[in-house]
Amino acid sequence: MRRYAIRDDQWERIEPLLPGKKADPGRTAADNRLFIDAVLWIGRTGAPWRDLPERFGKWNSVYQRFNRWAQKGVWERVFTVLQDPDLEWMMVDSTTVRAHQCAAGQKTNATAEALGRSRGGFLKRVSSTKVHAAVDALGNPLRFILTPGQRTDITQAKPLVMGFKPGAVIGDKGFDSDRFIAYIEALEAEAVIPSKKNRIIQREIDTNLYADRNKIERFFNRIKH
């Protein structure tokens with residue numbers, strides 16, 4: 001087995017979740033496993049699509065298929081089904097990804113690509129994208145949301161947590177909002193979020209539990225690496 005190839009036990013778990021099965025309408029995808037290996041090769045090596053080895057097929061065809069699956073929600077469906085989260089607590093945070101001005105392309109694509117507009121516009125200065133994420137108590141990803149870089153953390157707080165039933169939600173001061181705290185409490189969860197300095201009454205939090213927030217920082221470091 002090649003270094004980046006998916007194992008047999010892993011393939012057995014995801015095979016029923018992929019399009020192109022005999023029972024599905026349209027063309028049967030007999031090469032789904034090879035395609036998954038191609039995506040894993042790109043993800044693990046960080047190489048451009050153009051450098052995809054010939055054994056995986058034409059690089060542009062593989063890329064177009066990857067993009068098509070993304071737009072149809074195939075990857076998100078696979079990730080959701082495979083999740084087995086430890087929801088004793090969950091952590092929320094965001095990180096900014098800088099994009100060179102050439103990444104903006106046409107102005108009409110900026111919103112779809114979650115590129116933030118700087119004061120000088122897309123083409124005059126560096127734009128950025130913000131990755132909002134939630135991870136479980138083990139630091140494993142639960143949900144991603146992409147927004148333009150200028151979007152504040154609290155705007156995506158509820159969408160990150162929605163649908164989960166954690167014992168506690170851990171976040172930094174950027175998530176200190178009366179509305180979000182009330183939402184967490186409505187889930188019968190503990191809000192481990194430090195108060196902003198302008199709060200008249202400062203909330204007490206479990207500092208030992210808050211220290212575990214470093215797991216989401218380590219998660220961001222892994223995906224950026």
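Good morning. Phe35, Trp49, Tyr63, Phe66, Trp69 and Trp75 form one aromatic cluster. Please keep in mind that the model is predicted.

A pair of aromatic rings is described by the distance of the centres and the angle of the planes. With ring centres required to lie within 6.5 Å, the count for this structure comes to nine aromatic pairs. Let me take Trp49 and Tyr63. Their ring centres are 5.6 Å apart and their planes meet at 65°, so this pair is classed as edge-to-face; the angle required for that class is over 60 degrees. Which parts of the chain does this pair tie together? Trp49 belongs to the loop between helix 2, residues 32-45, and helix 3, residues 59-71, while Tyr63 is in helix 3, so the pair links parts that lie 14 residues apart in sequence.

Is Trp49 buried or exposed? Trp49 is buried, its relative accessible area being 17%. Tyr63, by contrast, is partly exposed, at 29%.

Trp49 also pairs with Phe66, and here the arrangement is tilted, with 5.4 Å from centre to centre and 45° between the planes. Because Phe66 lies in helix 3 and Trp49 in the loop between helix 2 and helix 3, this pair joins parts that are 17 residues apart in sequence. Phe66 is partly exposed, with a relative accessible area of 27%.

I now come to Phe35, another member of the aromatic cluster. What does Phe35 touch, leaving aside residues up to four places away in sequence? Its contacts are Val62, Arg65, Phe66, Trp69 and Trp75. Arg65 lies over the face of the Phe35 ring, at 4.4 Å from the ring centre.

Thank you for your attention.

Technical notes:
Residues are numbered from 1 along each chain as its sequence is written. This is a predicted model: local features need pLDDT of at least 70, side-chain atom pairs count only at pLDDT 80 or more; totals for chains, interfaces and linings use all residues. Side-chain values use heavy atoms; hydrogens and water are left out. Rings of Phe, Tyr and Trp (its six-membered ring) pair if their centres lie within 6.5 Å; planes under 30 degrees apart count as stacked, over 60 as edge-to-face and the rest as tilted. Helices (H or I, at least four residues) and strands (E, at least two) are DSSP runs, numbered from the N terminus. Buried means under 20% relative accessible area, exposed over 50%, partly exposed in between (1.4 Å probe, protein chains only). A charge sits over a ring if NZ of Lys or CZ of Arg is within 6 Å of the ring centre and within 35 degrees of the ring normal. Contact means heavy atoms within 4.5 Å.
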